[in-house]
Amino acid sequence: MKIKILLLILIGGVFFTGVLLAGEAKLREDPEIKERFKHLATELRCLKCQNQSIWDSKAGLADDLRKQIKTQIYAGKTDDQIVDYMVDRYGDFVRFKPAIDKKNIFLWVGPFIFLIVGGLLLVRYVKVRRDQTEEDNDSMSEADRLRAQAILDLDETVNKGGDK
Amino acid sequence: MSRRILPISVIVLVVVLLGFFYKGLSLDPKLLPSVLIDKPAPSFTLPQLHNASLSFSPEEMKGKVWLLNVWASWCAACRSEHPLFMRLARQGDFPLYGLNYKDKVVDAKQWLRELGDPYKISISDLEGNVGIDFGVYGVPETFLIDKEGIIRYKHVGPISRKDWREIIEPKMKELEG
């Protein structure tokens, strides 16, 4: 009888551990979590070797931060919460794509402002030039036209004369 | 008149951009501004290096202006600021507290035995978790914390005599006021 109970406990124990391990493995292999982890780790900068992401870097700090990301994913934190956690400690620089805020709004909008202002200046410049050329064309007086014609006629006679 | 606007605005733009480049390119990209300046120092409780049964937490330091120096025995640059700390500690009451970051207790103790121990208390952050809370990215780093427990200044890299004389000492005096 005692042996039977012990055996039952043993088998139960083995089975239970198996279920636990399977659950753990499933969590670690979960492609969605893996994808989230990769996404977060590639979007955050390693502060030690600044042009590498936490995903790429071999620095000790990157290692710690990778662990930190994993822990927080398992703890049920959202992506935004994890990014905020990093920004609170290391500043906006930790993100490869910083959020738009008061301090950096000019960097985001600036190029478009330059494009629009430049485009407007260009349009105006071209228009002014075109108006001027048109004005120049119209401004020829009758006397000027006759003089020009006379010069052209003369030129023609001279050329003909030269041929003979 | 309108013909001049274009060349003038181009020249102004180039000058402004050159100004930005001059300023931007002469900054050290390794020095990151800390987001913790003027914020309360993160709270923690960690064992002391020399006696792990005793703990330390920054709350104990309320009412004092103090320095938290993050160091490690594996950190080569820490050796270059160490003689200055030793001198200041010998000269008098120097409120320097050491956060031994991602180190082995044995190595850290050995290092202090060899080079001298300028710290009032050394704290063990073996996992580096407190380091993360303080936004530490390059050892050594030193935080200046005021009487209310607010971080007033952060120095990244070894502190030179000049840094001490011109920046940190005046700031400490001002905070002690």
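This is a predicted model: local features need pLDDT of at least 70, side-chain atom pairs count only at pLDDT 80 or more; totals for chains, interfaces and linings use all residues.
In chain A, helix H3 comprises residues 60-74. At 1.5 Å a residue, its 15 residues should span 21 Å, and the C-alpha atoms at its ends are 21 Å apart, which agrees with that expectation. The buried residues of H3(A) are Leu61(A), Ala62(A), Leu65(A), Ile69(A) and Ile73(A). Viewed down the helix axis, these buried residues fall within an arc of 110 degrees, so they line one face of H3(A). An α-helix has 3.6 residues a turn, so residues three or four places apart point the same way. The other side of H3(A) carries Thr71(A) and Tyr74(A), which are exposed. The partners of the buried residues of H3(A) are two helices of chain A, namely H2 (31-43) and H4 (79-90), against which they pack. Just after H3(A) comes Gly76(A), with a positive phi of about 90 degrees.

Helix H4(A) can be described in a similar way. It has twelve residues, and the distance from its first C-alpha to its last is 17 Å, close to the 16 Å expected at 1.5 Å a residue. Ile82(A), Met86(A), Arg89(A) and Tyr90(A) are the buried residues of H4(A). Around the axis they cover an arc of only 80 degrees, which puts them on the same side of H4(A). Asp80(A) and Gln81(A), on the other side of H4(A), are exposed. The cover over the buried residues of H4(A) includes H2 and H3 of chain A, together with a helix of chain B, H4 (129-133). H4(A) is followed by Gly91(A), whose phi is positive, near 85 degrees.

In chain B, strand E5 consists of residues 121-125 and is mostly covered, since four of its five residues are buried. Strand E4 of chain B, residues 96-101, is joined to E5(B) by five bridges, and the two strands run parallel. Within this pairing, Leu99(B) of chain B stands opposite Ile123(B) in E5(B). Between the two strands, the chain crosses from E4(B) to E5(B) through helix H3 of chain B, residues 105-115. This β-α-β crossover is right-handed.

Key
Residues are numbered from 1 along each chain as its sequence is written. Chains are lettered from A and ligands numbered from 1 in the order in which they are written. The expected span of a helix is 1.5 Å times one less than its number of residues. A residue is buried if 20 or more other C-beta atoms lie within 10 Å of its own, exposed if 12 or fewer, and partly exposed in between; C-beta atoms are placed from the backbone. The arc is that of the directions from the helix axis to the C-beta atoms. Two residues are in contact if their C-beta atoms, placed from the backbone, lie within 7 Å. Two strands pair if DSSP finds at least two bridges between them. A crossover is right-handed if, with the strands pointing away from the viewer, the path from the first strand over the helix to the second runs clockwise.
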